[in-house]
Amino acid sequence: MKIENTKILKHSHLVGDYRLLVLDAPEISVQAVPGQFVHVRIPQLEGSALRRPFSLYRAEGATISILYKVIGRGTAALATAGEGSFLDVMGPFGNGFPIPDADIMPILVAGGYGVAPLYFLATRCSQKGVLFVGGATDLDILCIEDFKSIGWDVRVATMDGSLGTKGLVTDVLDAWLKDNSDRDDYSPAGQEIFACGPDGMLKALGDRTIAGGFNGWLSLDKHMGCGVGACLACVQRLRDEYNHDYWGRVCKDGPVFESRQIVWE
Ligand SMILES: Cc1cc2nc3c(=O)[nH]c(=O)nc-3n(C[C@H](O)[C@H](O)[C@H](O)COP(=O)(O)OP(=O)(O)OC[C@H]3O[C@@H](n4cnc5c(N)ncnc54)[C@H](O)[C@@H]3O)c2cc1C
Ligand code: FES
C-alpha cells in the first residue's frame, strides 16, 4: 500500500454525470491489479469520512485513471479539482479479480461505472471475451469503444432503450447464453462471469452462476470509512466452505467475492 501525493494530469467530463481523472501515481500504478481500488482524499471535504473509494480503470506506466460518477458531496467536490493540482491517494487496496486462465471464456457484466475495473481486467485477459454493459440510459454506458478497440464483443442494454436492447443487462446475457449454449468453447466449464455494478444486478448474476455451475466473481460496492480493514464500516455477510456465516470486510477481504461466498440480505 502506498500513499501518494498525485498530480492531476487530466480531469475531463465524459458523458452525463461521469468524469475521468488521470493521476501521476507511479508507485500505485506498478502494484495495481484489476479490481483493486484507491482511496482518494477529497479536497474541501470536512467530517469523519474524508476519503472515497474508486476502482482503477487503467494503470499504465506512471499513471492511474479513475472513472467516476458525481452523485453526492464528495464526488461533487472532487469534480472541482483542477488539472495540475494534487490529490492525496492511498492504495491500491483490496484483492482484485482473479485473472482468467487462457482456456476460460471471460464474460464481463457491468452496470454504470462498474465497467471501469472490468476494462482494466479485459486488458489483462489472454482470451478475448464478451462485455455486457447496462445502464438506465445511453448516458450511463461508458467505455464500449475501449473494449471494441481491444477486440472484445460488446452487448449493451439500457432501461429506456436509448442504446442497445431495451431492458435489463441480465436479459441480454440470458439470451446470449441460450444462443451459445451448444458451443464447446462457451460451455459452463469453460466460462466465468466477472461483474461490477449495483447489488440487484450482482445478486441476479450470482443466482445464474450458482444455477449454471460456473464461477461468478462479483465486485461489491459498499460505503467505506477507513478503507484498510479497521473501522468495519463496510462489512458484508459471507459464507465459508463449511456453510458457516461470518462478516467480512469489503475493503480488505474483497471487494471481489465468488458468488457462493455472498449472503444477500
Ligand atoms: C470498491 C469500490 C469501488 C468503487 N469504484 C467506483 C468507481 O470506479 N467510480 C465511481 O463513480 N464510484 C465508485 N465507487 C462508489 C464511490 O465510492 C461513491 O460513489 C462515492 O463514495 C460517493 O461519494 P459522495 O460523497 O459523492 O456521495 P455521498 O454524498 O456519500 O452519497 C450520495 C448518495 O450515494 C449513495 N452512495 C454513496 N456511496 C455509495 C456506494 N459506495 N455505493 C452505493 N451508493 C453509495 C449514498 O447513500 C447517497 O444516497 C466505488 C465504491 C467502492 C466501494
Ligand atoms: S472501510 Fe473500514 S473496515 Fe472497511
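These are my notebook entries on what I looked up in the structure above.

**Entry 1: ground rules**

I am working with a predicted model, in which local features need pLDDT of at least 70 and side-chain atom pairs count only at pLDDT 80 or more, while totals for chains, interfaces and linings use all residues. Residues are numbered from 1 along each chain as its sequence is written, and chains are lettered from A and ligands numbered from 1 in the order in which they are written.

**Entry 2: the start of the chain**

I began with strand S1, residues 2–15, where strands (E, at least two residues) and helices (H or I, at least four) are DSSP runs numbered from the N terminus. I noted that S1 pairs with strand S7 (residues 86–93) in the antiparallel sense over six bridges, two strands being paired if DSSP finds at least two bridges between them. Within this pairing, Glu4 stands opposite Val89 of S7. S1 also pairs with strand S2 (residues 18–24), again in the antiparallel sense, over seven bridges, and there Ile8 has Leu23 as its bridge partner. The hairpin of S1 and S2 has two residues between the strands, and in this hairpin Gly16 takes a positive phi near 55°.

**Entry 3: the ligand**

Which residues are the closest to ligand 1? I found Ser55, Tyr68, Gly72, Gly74 and Thr75, out of 21 residues that surround ligand 1; a residue is near a molecule if its C-beta atom, placed from the backbone, lies within 6 Å of it. At least two residues of the shell come from each of strand S4 (51–55), strand S6 (63–69) and helix H2 (73–78). I then sorted the shell by class and got 11 nonpolar, five polar and five charged residues, where Ala, Val, Leu, Ile, Met, Phe, Trp, Tyr, Cys and Pro count as nonpolar, Asp, Glu, Lys and Arg as charged, and the others, Gly among them, as polar.

**Entry 4: two domains**

The domain assignment of the protein chain gives domain 1 (2–93) and domain 2 (105–219), with bounds that come from an automatic or database assignment. Taken over C-alpha atoms, the centres of domain 1 and domain 2 are separated by 25 Å. I noted that 14 residues of domain 1 are in contact with 12 residues of domain 2, contact being defined by C-beta atoms, placed from the backbone, that lie within 7 Å. On the side of domain 1 that touches domain 2, the elements that give two or more residues are S1, strand S5 (58–60) and S6, and S6 gives the most, with three residues.

Why is H3 largely enclosed by the rest of the structure? Eight of the 10 residues of H3 are buried, so H3 is largely enclosed; the buried ones include Val115, Leu118 and Phe120.

**Entry 5: the open sheet**

I traced an open sheet of seven strands in the order S11-S10-S9-S8-S12-S13-S16, with mixed pairing. Its edge strands are S11 (165–166) and S16 (256–258), each of which pairs on one side only. Strand S8 (residues 105–111) and strand S9 (residues 130–135) pair in the parallel sense over five bridges, and Val109 stands opposite Phe132 in S9.

Arg239 has 15 C-beta neighbours inside 10 Å and so counts as partly exposed. Five bridges join S14 to S15 in an antiparallel run, with Arg249 as the bridge partner of Val235. Asn243 lies in the loop between S14 and S15 (245–249), and with 6 C-beta neighbours inside 10 Å it counts as exposed. In this hairpin, which has five residues between the strands, Asn243 takes a positive phi near 70°.

Key:
Two residues are in contact if their C-beta atoms, placed from the backbone, lie within 7 Å. A residue is buried if 20 or more other C-beta atoms lie within 10 Å of its own, exposed if 12 or fewer, and partly exposed in between; C-beta atoms are placed from the backbone.
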